[in-house]
Amino acid sequence: TLLKERRQRDLHTVLTPHPLEAARLLKTNTAQIQAQRLRATRQLAQCFDCTALLKGSGTVIAGPQGDSDAPPCWINPTGNARLSTGGTGDVLAGLIAALWAQGLEPTQAAALAAWRHGFAADHWPARIPFSASALAQRLGA
């Protein structure tokens with residue numbers, strides 16, 4: 001695949017699917033993805049030789065396989081239902097890219113971005129309407 005060819009050229013990729021997108025990539029259904037979130041994230045990382053971040057309650061991040069049989073996974077403890085608002089996944093992808101561009105490894109950037117993204121939603125002031133653009137502004141501040 002093209003992603004594996006990128007990796008052979010020492011270029012990394014970060015995938016950020018929600019459960020339906022992950023199901024399509026792994027040729028299964030969302031119920032299977034949700035029932036086995038750690039396994040699904042590891043499969044994405046292995047199949048596409050990339051960092052995979054499976055969005056949702058308890059966002060899961062896995063790096064490429066490397067020397068081990070199964071890539072390690074991290075489960076992000078931050079975030080809430082606000083993050084199901086349209087556009088917030090794009091904000092997350094942008095934050096990952098920004099942290100990566102600052103020198104973090106792709107998997108580190110994905111894990112830190114997921115935490116910061118969720119933390120911002122968890123500590124959102126009740127008096128301020130939530131939107132993807134407001135979230136992006138808060139994260140950029």
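W124 is buried, at a relative accessible area of 7%. Buried here means under 20% relative accessible area, exposed means over 50%, and partly exposed is in between, with a 1.4 Å probe and protein chains only. I start there, in a predicted model, where local features need pLDDT of at least 70, side-chain atom pairs count only at pLDDT 80 or more, and totals for chains, interfaces and linings use all residues. Residues are numbered from 1 along each chain as its sequence is written, and side-chain values use heavy atoms, with hydrogens and water left out.

Now, what sits over the ring of W124? The charged end of R138 does, 4.8 Å from the ring centre. The test is NZ of Lys or CZ of Arg within 6 Å of the ring centre and within 35 degrees of the ring normal.

Aromatics next. The whole structure holds two aromatic pairs. For the cut-offs: rings of Phe, Tyr and Trp (its six-membered ring) pair if their centres lie within 6.5 Å; planes under 30 degrees apart are stacked, over 60 edge-to-face, and the rest tilted. Both residues belong to helix α6, residues 106–122, and are four residues apart, about one turn of the helix. Helices (H or I, at least four residues) and strands (E, at least two) are DSSP runs, numbered from the N terminus. W115 is partly exposed at 36% relative accessibility. F119 is partly exposed too, at 34%.

W124 and F130 make an edge-to-face pair, 4.9 Å centre to centre with 80 degrees between the planes. F130 is buried, at 18% relative accessibility.

On to the sheet. Strands of a sheet pair through backbone hydrogen bonds, either parallel or antiparallel. This one is open, with four strands in the order β1-β2-β3-β4 and mixed pairing. β1 and β4 (73–75) stand at the edges with a single partner strand each, so one side of each has no neighbour in the sheet. Two strands pair if DSSP finds at least two bridges between them.

Strand by strand, then. β1 (residues 14–15) and β2 run parallel over two bridges, and L15 stands opposite A52. β2 and β3 (residues 60–62) are antiparallel over three bridges. Here A52 faces A62. Those two strands form a hairpin with five residues between them, and G56 in the turn has a positive phi of about 135 degrees. β3 and β4 are also antiparallel, over three bridges, with A62 opposite C73.

Is β2 covered on one face or both? Both: T51 and L53 on one side, and A52 and L54 on the other, are all buried.

Last, the largest pocket. It holds about 360 Å³ of space. The search uses a 1 Å grid over the protein atoms alone, and a pocket is an open set of points where a 1.4 Å probe fits, with protein on both sides within 12 Å along at least five of seven lines; lining residues have an atom within 4 Å of a point. Grid points join across faces, edges and corners, and the volume is the space filled by probe spheres set on the points.

Which residues are closest to its centre? Of 23 lining residues, they are K55, G56, T59, L83 and S84. Helices α5 (88–101) and α6 are the elements giving two or more residues to the lining.
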